[in-house]
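Visitor: I'd like to go through this one term by term. Could you show me the structure and then tell me what each label rests on?

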Amino acid sequence: MMMYTTARTAFRTLRRNPMRAMLTTLGIVIGVGAVIAMMEIGAGASGALKKTIASMGANVLVIRPGTASSGGVSFGAGTTTTLTPEDCQAILRECPAVRNAAPMVRARTQVVYGNRNWVPNAIYGTTPAYLDVQDWSILAEGEPFNDRDVLNGNRVCILGQSLVRELFDGESAVGKEIRIKNIAFRVVGVLSPKGANMMGFDQDDVILAPWTTIKYRVTGASASTANQSASVASDSVNTLSNLYPTAQRSLYPERSAVQQANNPMPVRFANIDQIMLAANSSAEIPLAIEQISGVLRERHRIRADAPDDFNLRDMAELTRTLSTTTKLMTNLLLAVAMISLVVGGVGIMNIMLVSVTERTREIGLRMAVGARGRDILRQFLVEAVVLCLTGGAMGIVLGHGGSLLVRFLLKWPVETSPAAIATAVLVSAGVGIIFGFYPAWKASRLDPIEALRYE
Amino acid sequence: MELITLRGIEKTYQMGDIAVPVLKGISLAIRQGELVALTGSSGSGKSTLMNILGCLDRPSAGEYWLEGQEVSQLSADERALLRNRKLGFVFQSFNLLARTSAIENVAMPLSYGAEHLSEREARERAAEMLSRVGLADRLDHHPAQLSGGQQQRVAIARALINRPPVLFADEPTGNLDSKTSEEVLQMFERLHTEDHITIIMVTHDPKVAGHANRVIRMDDGVIQGDAPPAAESKPKTTAGAP
Ligand SMILES: Nc1ncnc2c1ncn2[C@@H]1O[C@H](COP(=O)(O)OP(=O)(O)OP(=O)(O)O)[C@@H](O)[C@H]1O
Ligand SMILES: [Mg+2]
């Protein structure tokens, strides 16, 4: 009630000099406008970034084999052959913080369909869990291969969008047969488009197939020899490949059936190139890392003082860096906007001081008829706040209009944020209180007699 | 009943190291319903005394009893409340708020009162006050659209809005010509006879003092004479017009 009357009086006072009020509050208008625009554009940018990060597979962890070395000579990352599909299953079983895990083997070789050929970025042998880990479960077409395909080593695959474009010219690929190193694979599904990742790697340029198939039929070796093609084993299993000459010739003479019977190749336990896992949430990544390390160290019988024979890497590091960067940019711009608010506040203070001097007699009169110091203080404070809030309201309209303009003209993602508007209102009221306080306090300290006598 | 009692009121201004005594022991009693004129040469301390009487200022020494309450030692806030409820002021230069209608000028003191009237009640009360000073048809005029006498009557209405028992006027006719002065003085007389409001006014003009029923003469911070107007103004007029 009292506040309402004071606010009305303040409005009336400001209306007496609308031009001056307008110019006084211009700093606040610009400041608040900038804050609103910054926050809306910033929110849009970080929203877009979050989407990108999610498309990369949020909460994803990668385990790779560690570095093998012999006699002080290191063979480089991924050269130990201790990581197995059984590790993957053990992790799924024993680590509650892990949502899902997929073993992976990689190959890179030519793919042929009809008279077209293409070498995709990667051919991944994995399990259906991979799609879940990568948040890629919704296919553009067809069905993913299933666990039985993995067990049986069936020759089925899922194509990325780029392959469909390159090999099928955009036609439906499902049900067709492609050849990977002369082994026929039936296309059962097509992945939904994902685009390039942040490293510029085309994520759609992949083929997914059961890891057993890739491992035993395509590469027949670990990833380190993946490109060197043509394993003896695959030839003997795949009778079809006899129809076509193998692209690369084997360096060594082929072993005859007798030779093989006499001197069987040692059966290698299946090592894999990496395990991809998804934690329950990004918050649980550290927990997951701890659990996984425990399980793997135990399974690989690593002594307490020996280093790991695997590398654990999480994407969270990368996403954290990226989101800190955008946050930093937004904060920087926000700081600039805040400076403009401070400048606006100084303008308010200046005019309020002038106003107090100008209205000294009015203050004296109000005191003579019974206004206490705090009544005068409140009146001038409310006046400053009303001035700032009016400026703030105009700033909100201006800033919002600006960000809409940016959205339509520059096609930037923009998010309207009620938080920004609430902040703007609070900040402009705050500026009014902070910068209006000194003039109001000065007014309240006037002596009524001297104020009445003031010319 | 004594409305105002002063005992040995002193006021000394400190100008650097020098103490300037302005009021030098004023003792005075004013009863409910009196119309008092305060006269004296320029610089004799009339305005200073009025400020103390009006609780705008505090005396350096002495006692001030208002309606049986010692008010000389009250805090600034308590004095503000007292001014709002019990004391009305009329100034020489009207002191109306510019670009504000008459009715809003009159209603202004209500916003500092303890009563918390609604907007409508406040306007009604202000309109009633304005019609009492004969300005019922000027409610929405701004000061610039009113004559000097009308402005002073708006100021009187404002002083009376809280129905105070005392009205102080420091040279209320100082800025007015003789005809409009007469209007204002008749206003005072009516308030005095009809509403029994105690009025204390400072004036230089013997004719104005003639409207009072008691004239207090001050000289150099002390009271020189205190008598009904006939005894006070007659020797002056005879001396002033030989
Ligand atoms: N704030 C002050 N500081 C110092 N001296 C003051 C102050 N106010 C008034 N005086 C002095 O007190 C004396 C009385 O002043 P006051 O205004 O009361 O005179 P007055 O009787 O009202 O005169 P006038 O008839 O001209 O209005 C003057 O000499 C003045 O200089
Ligand atoms: Mg004076």
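Guide: Let's start with pairing: two strands pair if DSSP finds at least two bridges between them. Helices (H or I, at least four residues) and strands (E, at least two) are DSSP runs, numbered from the N terminus. This is a predicted model, where local features need pLDDT of at least 70 and side-chain atom pairs count only at pLDDT 80 or more, while totals for chains, interfaces and linings use all residues. Residues are numbered from 1 along each chain as its sequence is written, chains are lettered from A and ligands numbered from 1 in the order in which they are written, and side-chain values use heavy atoms, leaving out hydrogens and water.

Visitor: What makes β3 and β9 of chain B a pair?

Guide: Strand β3 (residues 35–40) and strand β9 (residues 214–219) of chain B share five bridges in the parallel sense, and at least two are needed. They belong to an open, mixed sheet of six strands in chain B, ordered β6-β7-β8-β3-β9-β10.

Visitor: Why are β6 and β10 of chain B called edge strands?

Guide: β6 (87–90) and β10 (222–227) of chain B each pair on one side only.

Visitor: How do you know whether A:Val369 is buried or exposed?

Guide: Buried means under 20% relative accessible area, exposed over 50%, and partly exposed in between (1.4 Å probe, protein chains only). A:Val369 has 11%, so it counts as buried. A:Val369 sits in the loop between α12 (360–368) and α13 (373–409) of chain A. Leaving aside residues up to four places away in sequence, A:Val369 touches B:Asn84, B:Met108, B:Pro109 and B:Tyr112, where contact means heavy atoms within 4.5 Å.

Visitor: What makes A:Arg374 and B:Asp77 a salt bridge?

Guide: The rule asks for a side-chain nitrogen of Lys or Arg within 4 Å of a carboxyl oxygen of Asp or Glu. Here the closest N and O atoms are 2.7 Å apart, so A:Arg374 and B:Asp77 qualify. A:Arg374 lies in helix α13 of chain A and B:Asp77 in helix α2 (residues 76–86) of chain B, so this pair joins two chains. A:Arg374, at 49%, is partly exposed, and B:Asp77, at 28%, is partly exposed too.

Visitor: And why is B:Arg214 called buried?

Guide: B:Arg214 has 11% relative accessibility, so it falls in the buried class. B:Arg214 forms a salt bridge with B:Asp226, with closest N and O atoms 2.7 Å apart.
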